[in-house]
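Please open the structure in your viewer and keep the sequence panel beside it. The tour below goes from one selection to the next and says what is there.

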Amino acid sequence: MNEPVVEEDSQVRGERDRGARNLELWSRPPQLPDTHYVDTRVYTDRSIFSEEIEQIFDRVWLPVCHESELPDAYDFRTSGVAGTKPIVMVRGPDRRIRTFLNVCPHRGNTIVRSPAGSLTKAEPSGNPKHMTCMFHGWQFDALGRCAEIPREEQGYQGRVCKTDVGLREIRTEVAHGGFVWVNLDDRCGPLAGHVAGAFDFMAQELDTEPLEIFHYQKAIIRTNYKLWHETSREFYHDYMHYHNRATGMLQKGYYDRKYTVFDNGHAATGLTTIAYDAYEGSKDRLLTFPGMPRNGWKQLNIFPACTYSLRTSCLRVSVMTPISERETLIEIRGLGLKSDTPGEREERIADHGTIWGPFGRNLHEDLLVVQNQAVAMREGSGSKYLIMAREENSTIHDEIGLRSYFAEWSRRMGRMASDPMP
Amino acid sequence: MVAPHGPHGERSDAVTSADSETRQRVDELIYESCLALNGGDWNSYLALCDPRDFRYRIVNFSPEIRREQCWMDRDWKGMKSIFDLLPKHNSDHSPLTRHATVYKIVCDREGGEAAATTLVAIYRTQLDGVNSHFESGQTSLFAVGKYEDRIRVGANGDAALLLSRTVRLDTRQIDIGSHYPF
C-alpha cells in the first residue's frame, strides 16, 4: 500500500533551514546593498544592449589595434568598433595614424576589405596610395579625402564634388604602449581624461621603449561582453585554474594583493610576484619589461571592454567588441619589446602561449566559463541575480573590481544594474 | 633535416620520394598518432615520439598582423606535462577527431629521415562545452591545417619515430581553444 504523499511547504522549509528555495524565494533580490548584485537581464536583454552601445561604446575611447600592425607609411588595418561599425586605420605619409569609417559615401560599400596591408599596392580598379571602393571606383587618399570620382562632371554636373564626399574621420590617439585608440564621439575629451591616471603604475613598462605585436587571435564567443571583462576584474575565480589554486594561491602575500579603482570605471591590481619556480617549464624566467621585476605581474582593466595584463615576459591586451547581447568578438594580442633579439622573442612567445594562447592552460577555462554563464543566464532560463558582494579590504578576492565597473555602467546608463529595466 | 627541395627548388640527390616500404611505415606512424590522440591515449602518442628530440609546435600565418605566429611550442617532456595535467583542468571534454591524409613523403636516405606533409581536418563532437542538453552529440568542423612531420625512419626493423610535428593551421579562429593538442 502506497504511503500518502505529503506536500512539503518548501517556502516554510526554505525560511527555516536556508536550504533550497522555491520560485518565490529564488526570485527575491538578495538582501544586500543594490550596488552588490546585478539583475541578469543586463547580460541578456536586447534593448539594454542597444542602449549600452549608444550610451557607452559610441562615447568612450576604445583600443582597436597596435601601432606595430601598421608600421610603415600607407599601411592599413581594418577593424570594427562599438558593435558593428567598420573602421579602417591608415598610417599616412606623415606617419600619423588616422581612422575612418570604412564605408563608401557613394553606395555604402565596404571600401577596404583585407584585414591589413599596404595601400602602396593598387587595387585592381584603383591607384596606389589610395583606398578604392571596388563597386564604382571611388578613391580616397590616406588622409580620407576623396581623390577620384569616375566621370564626376558628366554624372553630377557640379552637384556632387570630391570635396563634399570625404570619408568620415574618427578621433584617434596612439598611447599606452603604442595602442591605437578611437572615439566615435567627435565632441569627446582627450584619451587622458578617460583613462584618469589608471595607466600611471604601468607607464614605465609600457612607454620606455617601443613594443611590438607577436600574437593575435580572435574568436566570436557566445557570451555577453561584460561577462568576459568580469573574469579579469575578480581573482576569486583563481579556484578554477589548476596552477593558480595549486601554486599562486598558496604563496605568501597572495591575499594581500590590492585593487585600486579609478574614475570612469577602471580598476587595477598592483604589482604582485609569482613563484614561477613552482610552474613546470617556467623555472628560469629571465625576460621582463623595463622597470618590471622578473617575476612580476600587473593588471589593468579599462572600462568598458579592455584588459592589459603584464606578466613578466609578455604583455597581453584583450579587447572585446560587443556584437549582440549574446555574442562578443574577443581579440587577444601578445606583445614584447621591439628591440627583442630573435631568441628573446621566441622565449616571450613560448611564455605567452603557455598561459594565454588558445592552447594555454588558463584561456580555455576562462572562455569556457563565460560561455556557460551565457547558457545558464539566457533569457527565460530562470536566472535572476548575480552577487558581487565580497568585501575584503580591496584585496585579491574582494569584488570591488566588479562593483566599480557597474558603478560606472550605472552612471552612464542612468539606473542601477540591480534594477536595469527602464 | 629533410627538405623536399633545395633553396632554388631543385631536388637534392640525397632527397628522394619514399619507397613503398618507407611510405608504409611513415603512413602507419602518422595514422597511429591520430588514432592515439583521437582516443585520448596520450601514452601511446608519446611512444611514437622521440623522447630526446621531439618538438611539437602549432603555428599559423596571421594576415591581421602579417607574420607567422606560434601558439604552442613544446618538447617531449612538455607534451607529457600537458597530458599529465589534463585531469586537473576544467576542460571542454568534447572529443576531437583528426581526419588525416598523408599527401607527400620525401626521404633523406643518408640521414635515415623522412619528411611528410599530411592534410588534417579536426572535428569536434560536443559533450559539455556549451549546452549539453541542446548540443551534446553535434559534430562540427573545428580546424583545418596540415602536419609537417620529421620522422626518423631508422633501419633494421627499428620503429619509426616522430622527431618533430608542426601543426600549420589554416583555421585561426578556434572558438574557446583547447587543452588538447591537435
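**Stop one: two domains of chain A**

Begin by selecting domain 1 of chain A and domain 2 of chain A, whose centres, taken over C-alpha atoms, are separated by 34 Å. The domain assignment of chain A, which is automatic or comes from a database, places domain 1 at 62-172 and domain 2 at 198-413. What you see is a predicted model, in which local features need pLDDT of at least 70 and side-chain atom pairs count only at pLDDT 80 or more, while totals for chains, interfaces and linings use all residues. To find your way, note that residues are numbered from 1 along each chain as its sequence is written, and that chains are lettered from A and ligands numbered from 1 in the order in which they are written.

Now look at where the domains touch: eight residues of domain 1 of chain A are in contact with eleven residues of domain 2 of chain A, contact being counted when the C-beta atoms of two residues, placed from the backbone, lie within 7 Å. On the domain 1 side, strand 2 and strand 3 (75-81) of chain A each supply at least two residues; helices (H or I, at least four residues) and strands (E, at least two) are DSSP runs, numbered from the N terminus.

**Stop two: the sheet of chain A**

Next, select the seven strands of chain A that form an open, antiparallel sheet in the order 2-11-10-5-4-3-6, where two strands pair if DSSP finds at least two bridges between them. At its edges are strand 2 (62-66) and strand 6 (116-118) of chain A, each of which pairs on one side only. Within the sheet, strand 4 (residues 85-91) and strand 5 (residues 97-101) of chain A run antiparallel and are joined by five bridges, and if you pick A:Met89, you will find its bridge partner, A:Thr99, in strand 5 of chain A.

**Stop three: chain B**

Turn now to chain B, where 31 residues are in contact with 29 residues of chain A. Strand 3 of chain B gives the most to the side that touches chain A, with five residues.

Finally, select B:Tyr56, found in strand 2 (residues 55-62) of chain B. Is B:Tyr56 buried or exposed? B:Tyr56 is buried, because 20 other C-beta atoms lie within 10 Å, and a residue is called buried at 20 or more, exposed at 12 or fewer and partly exposed in between, with C-beta atoms placed from the backbone. Leaving aside neighbours within four places in sequence, B:Tyr56 is in contact with B:Arg74, B:Met79, B:Arg165 and B:Pro181.
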